[in-house]
Amino acid sequence: MQKIGVLTSGGDAPGMNACIRAVVRSAVQRGVDVVGIRRGYDGLLNGELVKLNRRAVANIIQRGGTILESSRCDEMKTAEGRRKGIQILEREGIEGLVVIGGDGTFRAAAAMAQESQLKLAGIPATIDNDVYGTDYAVGFDTAINTAMEAIDRIRDTADAFERVFFVEVMGRLSGFIALEVGVAGGAEEIIIPEKETDLEDLCRTLKESFKKGKRSSIIVVAEGNEVGHTVQIAQYVQFRLKANCRVCILGHLQRGGAPTARDRVLASKLGIAAVDAILNGRQGHVVGEKKGERVCIPFHEACERKKELDTCFLESSKVLAM
Ligand code: F6P
């Protein structure tokens, strides 16, 4: 193989740059040229290609965001859009493609792998950590550390005013961020999509904790929860308990910032693994890590199967919060 491409797609995640660096440097080392595709699949369809050499990826391992930029591209959900993308890659002599992102990114890649001779490899990079088959996605560790630091700060002001704070974290339809951040931040309650929450139960628990002497509380709310919007949840609790409630939506600040050492290392390992997978002739796989071991998961499996969250851990976390 002479030439491969690399792109980042979907929500950016800290560590994507470290992935790009690892892909470029490991491919160049093996005598393969690398072309960066700007602005994800949108950029592919516009032919926005840029040659990447070792120097082009210098000084990026520590940077958040993605030097290649990203997009969410509806056209790639259509066979016609993908045909156009495949033609552009073939015209440029690109025989392999590394896609860095989450399940939306892998769905398009899975279809392209079926519809062409291209070799495709996916690197899971999403703060949501919801990619099936890998314990961690690049960006998750940074996001939970960022959110935890925010919660530590909120705890100070919550204590000072004896308030109940509802802190909303990202995660789309999953509660991986909420659960880990909730435990790490010592949250009194964690509301996630994977577990039903009864607001009356929540009020009872809070009331009990006030009786036991707690003066402030932090409730971590996953944005994808099924109880309702965080503001509405807070209003309900305020009304029922006459408590002093506030809401803080952490939002996109969880997506930015310098990647942690753990994310940089994971990105570096998976960047090398993705190039290996392509050069070894694998046609459509996500590379990941399970219990510290490198794994390759077929795209269709990574896209179709749901990554399960350890809800028992949620129950244990309640013991610690009492
Ligand atoms: O998938 C990453 C993520 O940050 C989700 O947690 C969030 O729901 C979504 O992307 C936000 O997307 P956008 O940046 O397009 O608003």
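## Basis of the model

The model is predicted, so local features need pLDDT of at least 70 and side-chain atom pairs count only at pLDDT 80 or more, whereas totals for chains, interfaces and linings use all residues. Residues are numbered from 1 along each chain as its sequence is written, and side-chain values use heavy atoms, with hydrogens and water left out.

## Overall build

The chain has 11 helices and 11 strands, where helices (H or I, at least four residues) and strands (E, at least two) are DSSP runs numbered from the N terminus. For 322 residues a compact globule would have a radius of gyration near 20 Å, and the 22 Å of the chain agrees with this; the radius is taken over C-alpha atoms, and the globule rule is 2.2 Å times the number of residues to the power 0.38. The C-alpha trace spans about 70 × 35 × 35 Å along its principal axes.

Of the 322 residues, 54% count as buried, a term that means under 20% relative accessible area, with exposed set at over 50% and partly exposed in between (1.4 Å probe, protein chains only). Among contacts in the chain with a separation of 6 or more, 75% come from residues 24 or more positions apart, a contact being heavy atoms within 4.5 Å.

Strand S4, residues 96–101, is mostly covered, as 6 of its 6 residues are buried. In a regular strand the side chains alternate between the two faces of the sheet. In S4, Gly96, Val98 and Ile100 point one way while Leu97, Val99 and Gly101 point the other way, and all are buried.

S4 pairs with strand S1 (residues 3–8) in the parallel sense over 5 bridges, two strands being paired if DSSP finds at least two bridges between them. Within this pairing, valine 6 has valine 98 of S4 as its bridge partner. Strand S5 (residues 119–124) also runs parallel to S4 and is joined to S4 by 6 bridges, with glycine 122 of S5 standing opposite valine 99.

## Glycine 251

Glycine 251 lies in the loop between strand S9 (245–249) and helix H9 (261–279). With a relative accessible area of 17%, glycine 251 is buried.

Not counting residues up to four places away in sequence, glycine 251 touches Glu168 and Met170. The C-alpha atoms of glycine 251 and aspartate 141, which are 110 residues apart along the chain, are separated by 16 Å.
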